[in-house]
Amino acid sequence: MSHWATQLVDPRLSQLLQIVSLTLLAWLGFKLLGRVHWLLAVVVVLLAASNAIAVWLLRHEPQVLAGIYSKPFAKRYVDWVCRCTGDQPPVAHSSNKPGGELVLHSDRDFGIAAYRAKQIVRGHDQVIDNLFSRIHEAVTLRQRRSDKGSQPPFASLLLVGGDGVGKRYLSRVLAKLLFRSGGVLVFECDRVTPEVLIGSRGTPGELLEAVRRQPFQVVIFDKIDAASAELIQTLSSIVSRGTYRSPNSSRPISFANTIIVMTTTKAASALGSLAQKSLTEGTWHREAMELVVSETLLDHSLLNAVSAVFLCQQTSDLVKAEIIAMLMKKESKAHGVSLSRVDPEIIVSQVLQIDDATGFGLVPHRIKLLLRKPLVAATQHNHKLLSLRVRWS
Amino acid sequence: MTTRYSLLLVALWNDSWFFRLNVILAIVGLIYLLLLPAQQTTPLPPPANTP
């Protein structure tokens, strides 16, 4: 009995049984198709042959398939094959060149993008300049690299700053300006588990599946200081090696074309004092890392793989007022109304409501509440201009 | 060169169920189509005493 049991679990025998049963089933299937019309059998044979060739190209000649993948008619088909095999769609070498998925290439591109980012995200000019310059360096090095094998992500960044200063918003803007798809993934580290990110047998992980489908993304890990030890281990493996093997597939998922952004609120005040000193880039990085380790108890293996640390400080009252005015304009525009004038007292009262604990986190909600009644009145009377004034009683 | 490709083919065969399925489908389908003319029987002539 045990002898037969051993034979049955023998992988060679099980594969042989699988082939024989599949062959018989296929023969029966073709017989049925042939009864309807022999041309149906021809279509199935052609489809199966093209699938087998596509899998071969995907594994051994990805650049050939990448050329086909860039054609709109073939994209869906290759995506479907990749979903069946658990592979990432092929990334052409030309993706990092003009016209590819990466939008920014030259000094001029990065200069314009940094300027635009500063127009959208107010009060973090220095951080934006440094961030874009760091990514520019990474893109330049990637283009010159001869070895196209396993590569770490474009950049792994640690953004430190209080709640609501705009760390996540800045990352979203970065994604929109850097990648054609503008893809962003956000994971709250105090809520996710490694199983949710990488999956378990039979269940695909959210992170791996999303990066498999779209390799060009900004992945944000919010509140990294709250991550569990297992999650930190998973992240450090992704950040340092640039690949991760899903439990459901033998093929590793590449993070080479992602930007990993980790955010933390801890160590913000300590880094604030450090930022007062005029330090060189290398000294800042080393001392900032030491401070982050001491304040957050994050693993050295993860922080060693981080390419840069940025401090997003609280903005001045004037910048806060500017942001509030921008948000008011945006909210009015969303309802087809132009904001012609706002009394300064209204903006000042909104600025005073911003505290260090929540930052700008609640401001959009407060602005929506403030503008609700005037917008309803403007819509009812079909007014295209809106003026917000203080009513003195 | 041939050895290299055969090794790659064996690795892919062992690694991907999708590749295995499609290779089997393509080969079985091709054999079916090649044997199709032989399977088609010609109709028998009517019996001689039929009015």
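# Helices, loops and the chain contact

Visitor: Which residue follows α15(A), and is its phi positive or negative?
Guide: Gly336(A) follows α15(A), and its phi is positive, near 75 degrees. Helices here are DSSP runs of H or I with at least four residues, strands are runs of E with at least two, and both are numbered from the N terminus.

Visitor: What kind of model is this, and how are residues and chains labelled?
Guide: It is a predicted model, in which local features need pLDDT of at least 70 and side-chain atom pairs count only at pLDDT 80 or more, while totals for chains, interfaces and linings use all residues. Residues are numbered from 1 along each chain as its sequence is written, with chains lettered from A and ligands numbered from 1 in the order in which they are written.

Visitor: Back to α15(A). What span should it have at 1.5 Å a residue?
Guide: Helix α15 of chain A has 18 residues (317-334) and should span 26 Å, which agrees with the 26 Å between its end C-alpha atoms. The expected span is 1.5 Å times one less than the number of residues.

Visitor: Which of its residues are buried in α15(A)?
Guide: Lys320(A), Ile323(A), Ile324(A), Met328(A) and Ser332(A). Buried means 20 or more other C-beta atoms within 10 Å of the residue's own, exposed means 12 or fewer, and partly exposed is in between, with C-beta atoms placed from the backbone. The cover over those α15(A) residues includes β10 (338-342), α16 (344-352), α17 and β11 of chain A.

Visitor: And Val337(A), where does that lie?
Guide: In the loop between α15 and β10 of chain A. Val337(A) counts as partly exposed because it has 19 C-beta neighbours inside 10 Å. Beyond its neighbours within four places in sequence, Val337(A) is in contact with Ser332(A), Leu375(A), Ala378(A), His383(A), Lys384(A) and Leu386(A). Contact means that the two C-beta atoms, placed from the backbone, lie within 7 Å.

Visitor: New topic: α13(A). Which residues are buried?
Guide: Trp284(A), Ala288(A), Val292(A) and Thr296(A). They cover an arc of only 60 degrees around the axis, so they are on the same side of α13(A). The arc is taken over the directions from the helix axis to the C-beta atoms.

Visitor: What do they pack against?
Guide: The buried residues of α13(A) pack against β1 (155-161), β8 (258-264), α12 (268-276), α14 (300-305) and β9 (308-312) of chain A. The face turned away from the buried side carries exposed Gly282(A), Thr283(A) and Ser294(A). After α13(A) comes Leu297(A), with a positive phi near 60 degrees.

Visitor: Which residues touch the most other members of the largest nonpolar core?
Guide: Leu174(A), Val261(A) and Phe310(A), in a core of 67 residues. A nonpolar core is a set of buried Ala, Val, Leu, Ile, Met, Phe, Trp, Tyr and Cys residues joined through C-beta atoms within 7 Å. A second, separate core has 21 residues, including Ala48(A), Ala52(A), Cys82(A) and Ala26(B).

Visitor: How many residues does each chain put into the contact between A and B?
Guide: Chain A puts in 23 residues and chain B 18. On the chain A side, α2 (11-36), α3 (38-60) and α5 (72-85) each supply at least two residues. α3(A) gives the most, with 13 residues.

Visitor: How do the chain A residues on that side divide into nonpolar, polar and charged?
Guide: 16 are nonpolar, six polar and one charged. Ala, Val, Leu, Ile, Met, Phe, Trp, Tyr, Cys and Pro count as nonpolar, Asp, Glu, Lys and Arg as charged, and the others, Gly among them, as polar.

Visitor: What is the secondary structure of chain B?
Guide: Two helices and zero strands. Chain B has 51 residues, of which 18% count as buried.
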